[in-house]
Amino acid sequence: MKALIIVDMLEDFVGGKLANPKAQAIIEPLQRLLARAREEGWVVVFSNDAHQPGDPELKVWGEHAMAGDPGAEVIAELAPREGEIVSPKRSYGAFDGTGLDEQLRERGVDEVVITGQHTHICVRHSSYGALIRGYEITIPRDAVCAFEGVSEEDALEYLKATYGATVTTVDELVGAPAPVSA
Ligand code: ZN
């Protein structure tokens, strides 16, 4: 069983306090992947920052995605549906103190497709969490993004080399036909 994990596609990370201009470009591919995941009955997970005052990471970034604030909401384009897992986290990794591993195991998940932001921070730490818990890891390169000025290729290479992630594309995952060459 596959799970699609969408990391931190929240108001604060797309257009808010920690806005990333690169995030706009991954919304459309993510919508297609999410639609396919729903059609095929994958487990869908929204791994969302939901900070409490005093969370250690806030020393680095300042306040963002505070639990209950509008900035901590998933963007409307990717809104969770009933029955999908909304998994609040208070640090970078989707598996860190969240109970997500147990929720996935209950549903028979053995492969995680990790998407969202940021390739070199939360996607990376979530991939580490997935590796050490024995999940196969797939990363569609057009459904993740790093900060501007951070090499996307280096970030993806790290996931491949260090966590054994399969780096692919949304088209490949949704089974879209390859473009016909003239
Ligand atoms: Zn955070």
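This is a predicted model: local features need pLDDT of at least 70, side-chain atom pairs count only at pLDDT 80 or more; totals for chains, interfaces and linings use all residues.

Residues are numbered from 1 along each chain as its sequence is written, and side-chain values use heavy atoms, without hydrogens or water.

**Strand E2**
- E2 spans residues 43-49, and seven of its seven residues are buried (under 20% relative accessible area, 1.4 Å probe, protein chains only).
- Strands are DSSP runs of E with at least two residues, numbered from the N terminus.
- In a regular strand, side chains alternate between the two sheet faces.
- Val-43, Val-45, Ser-47 and Asp-49 point one way from E2; Val-44, Phe-46 and Asn-48 point the other way.

**Pairing**
- Two strands pair if DSSP finds at least two bridges between them.
- E1 (residues 2-7) runs parallel to E2 over five bridges, with Ala-3 partnered by Val-43.
- E3 (residues 85-89) also pairs with E2 in the parallel sense, over five bridges. Here Asn-48 stands opposite Pro-88.

**Cavity**
- A cavity is a set of points on a 1 Å grid over the protein atoms alone where a 1.4 Å probe fits but cannot get out; lining residues have an atom within 4 Å of a point.
- One cavity of 30 Å³ or more is counted.
- The largest cavity holds about 80 Å³ of space, the volume being the space filled by probe spheres set on the points.
- Its lining includes Asp-8, Asp-49, Trp-61, His-64 and His-118.
- The lining residues divide into seven nonpolar, two polar and three charged.

Conventions:
Buried means under 20% relative accessible area, exposed over 50%, partly exposed in between (1.4 Å probe, protein chains only). Helices (H or I, at least four residues) and strands (E, at least two) are DSSP runs, numbered from the N terminus. On a 1 Å grid over the protein atoms alone, a cavity is a set of points where a 1.4 Å probe fits but cannot get out, and a pocket is an open set with protein on both sides within 12 Å along at least five of seven lines; lining residues have an atom within 4 Å of a point. Ala, Val, Leu, Ile, Met, Phe, Trp, Tyr, Cys and Pro count as nonpolar, Asp, Glu, Lys and Arg as charged, and the others, Gly among them, as polar.
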